[in-house]
Structures are given as structure tokens and as C-alpha cells.
Amino acid sequence: MKLKQLEGLLGDLEQFSNPKVELEQYPTGPHIASRMLFTAENSYGDISGKVVADFGCGCGTLSAAAALLDAACVIGFDIDPQSLETAALNAEELEVEIDFVQCDITKLELKGQIVDTVVMNPPFGTRKKGADMEFLSAAMKVASQAVYSLHKTSTREHIKRAALRDFNAKSAEVLCELRYDLPKLYKFHKRKEVDIAVDLWRFDKQE
């Protein structure tokens with residue numbers, strides 16, 4: 001599947017109708033989601049034929065992208081039942097097979113399920129300090145091959161240090177810097193939209 005085609009399909013998905021600020025729910029735009037998964041597949045072969053988990057999957061944009069790129073199995077994890085309902089409808093609409101699980105990522109224990117690749121757009125930790133690190137820690141425990149994740153560019157050094165020192169990463173690489181277009185979703189947002197610089201990371205697991 002070509003990048004433009006993937007982006008077009010993701011652009012039709014339903015997003016949060018009533019986003020929860022405490023969960024830092026922001027939609028992963030089709031531009032970022034398509035490039036993230038396309039790179040994971042075309043540069044590293046980490047999606048097609050693999051078991052892919054989407055942590056904090058929200059309305060399932062990254063899950064859908066993985067399924068469209070022929071992942072063998074896709075599992076979306078989220079704490080919010082309403083988001084999962086939307087995600088399930090999105091999967092149905094695209095006619096792709098995705099399993100959705102309601103759970104707290106920070107307490108996730110997978111028994112007997114081998115996950116090759118974790119993809120995620122975690123909370124950036126603006127409402128709950130350290131939330132981004134909790135997600136990264138959980139992802140590194142679950143993935144057997146690689147983790148793809150989005151983090152604020154301003155946290156780059158911190159992320160790299162933690163991944164290599166604390167989370168058993170063999171390598172931690174920023175694949176590209178993206179502009180995350182944050183729409184005005186919450187009452188406290190003053191501006192109509194704001195651009196945040198985010199890094200797309202690939203964390204390679206320790207062998």
C-alpha cells in the first residue's frame with residue numbers, strides 16, 4: 001500500500017467525540033500515523049506478518065494503520081471504554097481485524113502472547129508527570145523486537161537516556177521530527193490550534 005493511500009484511509013476515521021483531558025486524549029492525525037507505520041514497515045519490516053500492539057490506542061488510528069499494512073495480528077489497548085467503542089467501529093468500517101482490550105497500560109501483564117512490535121502515541125506527561133515514561137517502560141517490557149513512539153522533541157535527551165539506561169533498549173533512534181498539529185479540544189486551550197515538535201522514535205530491544 002502506498003503512503004498516500006494509507007493516509008487517505010486513516011483520514012476518514014472517527015475521532016474522540018468527548019476527549020478526556022485527564023487521559024491527554026488527542027487524536028493521532030493521519031499524516032503522522034501513516035508516516036509512522038509506513039516507516040516501521042518499509043524501512044524496518046516491523047509490521048507486515050508481525051504481532052503489533054497499540055498502547056493507549058484511543059480511537060484506533062495506529063491500530064488501523066498496522067492492520068492495513070498486513071500485520072498478522074493487531075491488539076489495541078486503552079483504559080477508556082468509549083474510545084475503544086469508536087476504535088471498534090473504525091475497524092469495522094475499514095473491514096480490518098483488530099482485537100481491543102480495556103486495561104491500564106501501566107499494569108499490563110501479557111502471559112504467553114508474543115508481541116513483536118509496539119506502536120504508540122502516549123500521553124506527553126503534561127497532565128500527569130511521567131506518564132510518557134510509564135508507557136515507554138511498559139512497551140519495552142512487552143515488545144520483543146521494536147517500539148515506535150512519539151514524544152515531545154523537548155524531552156529528547158531525557159527519553160534517550162532512560163531508554164538505554166533503564167528500559168533495556170539496545171538502541172534509541174529519532175527517525176524524524178514531526179509537527180504535531182494540536183487542535184483546540186479543551187476549554188483551557190487559548191489558541192485554535194498549536195504546533196508541537198514531536199520526535200518519532202524507534203527503540204530496538206536488547207537481544
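## Aromatic pairs

Search the whole structure and you'll find 3 aromatic pairs (rings of Phe, Tyr and Trp, the last by its six-membered ring, with centres within 6.5 Å). This is a predicted model, where local features need pLDDT of at least 70 and side-chain atom pairs count only at pLDDT 80 or more, while totals for chains, interfaces and linings use all residues. Residues are numbered from 1 along each chain as its sequence is written, and side-chain values use heavy atoms, leaving out hydrogens and water.

Take Phe55 and Phe77: their ring centres sit 5.6 Å apart with the planes at 90°, so this pair is edge-to-face (planes over 60 degrees apart; under 30 is stacked, and the rest are tilted). The pair ties together distant parts of the chain, 22 residues apart, with Phe55 in strand β1 (residues 51-55) and Phe77 in strand β2 (residues 73-78). Phe55 is buried, at 0% relative accessibility, and Phe77 is buried too, at 2% (buried means under 20% relative accessible area, with a 1.4 Å probe and protein chains only).

## Two helices packing

Now for helix α1 (residues 3-10) and helix α3 (residues 61-68), which pack at about 140° with axes 10 Å apart.

Who meets whom? From α1 come Leu6, Leu9 and Leu10, and from α3 come Thr61, Ala64, Ala65 and Leu68 (contact means heavy atoms within 4.5 Å). By class, this contact of α1 with α3 has 6 nonpolar, 1 polar and no charged residues.

Note on methods. Axes are lines fitted to C-alpha atoms, for helices over the stretch in contact, and angles run from 0 to 180 degrees between N-to-C directions. Helices (H or I, at least four residues) and strands (E, at least two) are DSSP runs, numbered from the N terminus. Ala, Val, Leu, Ile, Met, Phe, Trp, Tyr, Cys and Pro count as nonpolar, Asp, Glu, Lys and Arg as charged, and the others, Gly among them, as polar. Buried means under 20% relative accessible area, exposed over 50%, partly exposed in between (1.4 Å probe, protein chains only).
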